[in-house]
Amino acid sequence: MPGVNRIAASGKFFRDGDGRFFVKAVSFGPFPPDAEGRTLPVGQDLAEYLQSVVDVGANTLRVYEVPPLDFVDSCMDLGLRVIIGIPWAQHVDFLENEEILKDARDSLLSTVELFHGHPGVLAYLVGNEIPATLVRWMGAEKVRRALEHLITSGRAVDSGAMFAYANYPTSEYLMVRNADFSAFNIYLEDREVFTHYLRHLQNVAGDLPLLVTEFGVDSQHHGESRQAEILSWHVEACCRAGVAGTTVFAFSDRWYRGGKEIMDWDFGLLRRDGSRKAAFDQLQAAWGGIESPGDGIGRDSGLRFSVIVCTYRGFRTLEECLLSLTKISYPDYEILLINDGADEGVEKITKKFPSVRHVGMEHSGLSAARNLGAREATGDVLVYTDDDCAADEEWLLYLAEGFAGGDFAAMGGPNISPRPLTQEQACVVASPGGPAHVLLSDEQAEHIPGCNLAVRKEAFESIGGFREEFRTAGDDVDFCWRLQNHAYRIGFHGAAMVWHYRRFRVRDYLRQQAGYGRAEAMLIPRHPDRFGTIGGARWKGFVYDQTFAADIGRSARIYQGPFGYAPFQSIYTSGTWGWGYVVSSFQWVLLALVAGVLGFIFPLAALLSFLMLAATVITALRFGVKAKITAPFDCLSARIVVSGLALIQPLNRGMRRYLGSLRYARLPSGLPPLNKPLFFPRLGWWRRPLRFGFWSEEGLLRDDLLSNLQNTWAEEGTQFSVGDGWRSWDLEILSSVLWSIRVVTVTEYHADEKCLTWVRLEGRSNFLTSAARFAVFLAAGLMWRFEGLNLWVGLVLLLLFMAPTVARRIQLSRVKKRIKEVAQTLGFKALDA
């Protein structure tokens with residue numbers, strides 16, 4: 001359709017051409033099928049339905065089945081966009097059956113081809129609420145990769161389309177890295193809880209827009225007036241949180257699922273007879289006049305902001321920066337440009353913007369320029385950004401919203417890299433070490449980068465401003481730590497964003513990282529308690545940087561609750577560094593090189609050096625594989641470059657930090673957490689788990705089986721424990737001093753309330769087993785090195801090495817047999833996989 005823009009993601013929001021697009025959606029269907037089996041209305045019925053959708057103030061429909069082309073055309077004629085959900089068998093173990101994923105991919109590709117380039121299609125959802133217990137069973141990382149593969153396949157057909165996965169709180173950790181936005185279905189009827197959870201999801205979403213893809217209230221159980229009240233305040237809560245839009249579930253009470261109309265709940269804005277509920281009118285009023293999330297909150301907070309830009313010959317992006325600041329939609333603010341060095345070219349650019357106050361100074365460094373800006377400012381709040389940033393039009397509005405939400409002396413938000421224009425720039429953006437915020441909670445920060453930092457003037461003056469010895473970097477870290485040392489709190493709002501250009505060239509990126517290292521060396525004597533071990537900063541909070549999504553399931557932990565039933569399964573971290581950080585450090589590589597030199601005298605030292613350097617290279621390669629590289633620059637050569645930068649960056653930065661802070665170095669205070677065994681990775685047929693299933697026509701669940709297993713083993717005196725929710729297993733049996741056996745279960749829900757329960761048995765070695773195997777391995781190596789290793793001795797050592805594994809396999813078979821006996825007494829039908 002000529003003249004109609006496709007909706008696109010832009011930072012934390014959506015855009016329709018040059019304007020912002022706030023998604024106001026209702027879920028539409030599937031309805032009970034008509035005589036021809038259609039679950040979406042057609043003809044006059046469709047026209048009446050769509051007109052009602054327009055009347056309520058919606059601009060988007062969410063459908064759960066692939067609609068015909070003329071349906072989307074009819075929607076577009078009324079200014080309605082469509083979010084299309086791709087239906088496929090995601091309620092069963094689709095990783096076990098390759099045909100399921102193949103069918104899902106084929107369905108997605110045929111749908112994208114049908115609507116290729118259509119501006120009426122807002123986005124495709126490649127999945128919706130895969131049950132958390134099923135994700136736990138299949139493995140979150142494997143499920144994530146499968147969803148990412150679907151998105152990659154769809155994007156290859158239509159690169160201009162948007163793709164996402166509709167998640168929900170119970171599998172919050174399932175973050176699809178190549179999605180265009182973060183989509184969540186949320187059903188929370190307490191306003192305060194809903195508001196706080198939106199702020200949390202803004203952080204989970206990272207640099208992507210957050211779209212609520214389902215929110216609804218059942219009027220059958222809560223009453224129509226309560227439904228109307230909740231839907232009304234949820235719109236305001238979404239606007240205050242700065243989400244990119246929301247979807248009300250559902251448009252009508254008539255909802256068809258699993259081969260029948262659902263009569264047990266009524267989520268619709270329309271009753272089954274088509275009449276309007278009170279929620280229709282309330283939502284119509286709440287959505288009225290909202291074209292951007294900022295329209296849903298007051299724009300005058302009573303705070304006057306002084307926006308301060310400090311530049312030293314920043315010609316390349318300064319004009320774009322100042323232009324963006326003049327377009328901010330906030331009633332009371334001023335703009336100051338501090339020209340460090342009094343450069344005439346900078347002054348000439350500034351004169352293009354009459355509302356910008358130019359202040360020149362002798363070249364004295366970044367901190368001195370920021371302090372001068374504070375002295376010249378007339379506002380209540382000093383807001384700092386850099387000359388390589390461009391502010392979002394509602395930036396100050398959400399900073400004000402953040403200040404209003406708590407007793408904060410300072411406030412910040414995310415700094416997001418614009419879309420790269422070259423492959424080199426895309427590689428720099430995806431590499432580690434960029435400016436990142438550190439959060440202590442969803443609304444309180446430990447550190448805010450200086451490119452997006454607001455501070456109340458009285459707090460600024462009370463700590464003496466910025467330390468002027470920090471001329472290029474490190475000043476913001478020192479400033480935030482000193483604020484906290486004076487008992488001030490720093491807030492964070494996920495929608496208060498600025499665009500921040502990363503370095504355009506690799507050499508500029510490496511030069512920046514070296515500068516960061518020198519700044520860290522200056523920070524160590526001033527904040528010795530904030531550093532330790534091998535010299536890096538010791539953050540109390542979580543670092544939200546380019547590695548955030550890639551690290552889930554590796555250095556972070558997921559609380560899934562006993563048997564995987566926790567309603568909010570969030571991500572937790574026990575620290576900001578682990579073995580990956582250690583083996584990438586300058587000190588580690590230096591020790592490896594020293595060991596390599598000693599290898600000319602002691603051969604084992606050469607082996608140690610090789611292993612140490614191999615660990616460093618593997619860590620860098622893993623980062624390159626996991627990195628989020630912007631399409632269309634995501635290719636093998638780009639990932640090789642990112643891996644190289646991930647190898648060089650910590651060495652470059654660490655060397656500068658180390659050489660500048662030798663006198664402050666300390667010995668490590670402890671070892672980082674070890675997530676996986678150091679020796680003998682669990683590979684091969686002997687460690688494969690046993691998997692078997694049970695069918696139930698009566699709807700028996702895994703809960704029934706687990707309950708009876710616990711009772712049976714307790715009566716028999718079997719030693720077992722119940723999972724505490726931090727690990728992905730249900731029960732653990734201590735079968736011997738060498739092994740334990742873990743029981744994992746999941747239930748698939750099929751038609752007519754029939755259920756299929758799968759059981760997996762995993763044998764796990766303990767430290768004694770690993771130590772014994774290492775001793776055997778070491779003995780074999782020493783005998784081969786010094787005395788030679790004959791056939792019979794080798795066979796004996798091999799048998800000793802394999803004996804625990806053979807015993808484990810026998811024990812697994814015994815446990816499997818006992819579980820089958822218990823299941824059959826309950827009425828399950830055994831079904832071997």
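A: The protein chain exposes about 36400 Å², with carbon and sulfur atoms supplying 57% of that (areas come from the Shrake-Rupley method with a 1.4 Å probe, and for residues only the protein chains shown count as cover). Keep in mind that this is a predicted model, where local features need pLDDT of at least 70 and side-chain atom pairs count only at pLDDT 80 or more, while totals for chains, interfaces and linings use all residues. Residues are numbered from 1 along each chain as its sequence is written, and side-chain values use heavy atoms, leaving out hydrogens and water.

Of the 833 residues in the protein chain, 54% are buried (under 20% relative accessible area; exposed is over 50%, and partly exposed is in between, with a 1.4 Å probe and protein chains only). The chain has 24 helices and 34 strands (DSSP runs numbered from the N terminus: H or I of at least four residues for helices, E of at least two for strands).

Now for your core. A nonpolar core is a set of buried Ala, Val, Leu, Ile, Met, Phe, Trp, Tyr and Cys residues joined through side-chain atoms within 4.5 Å. The largest one has 141 residues, and Phe28, Phe71, Leu147, Phe305, Leu325, Trp395 and Leu396 touch the most other members. Helix α8, residues 224–241, gives the most to this core, with nine residues.

Let's zoom in on Leu396. Setting aside neighbours within four places in sequence, Leu396 is in contact (heavy atoms within 4.5 Å) with Phe305, Val307, Ile328, Tyr330, Tyr333 and Val383. Apart from this core lies another one, of 32 residues, including Leu366, Tyr384, Ile448 and Cys480. Why does Cys480 count as buried? Because its relative accessibility is 0%.

Speaking of cysteines, a search of the whole structure finds zero disulfides (a disulfide is a pair of cysteine sulfur atoms within 2.5 Å). Cys238, for one, has its nearest cysteine sulfur, that of Cys239, 6.9 Å away. Cys238 has a relative accessible area of 0%, so it's buried.
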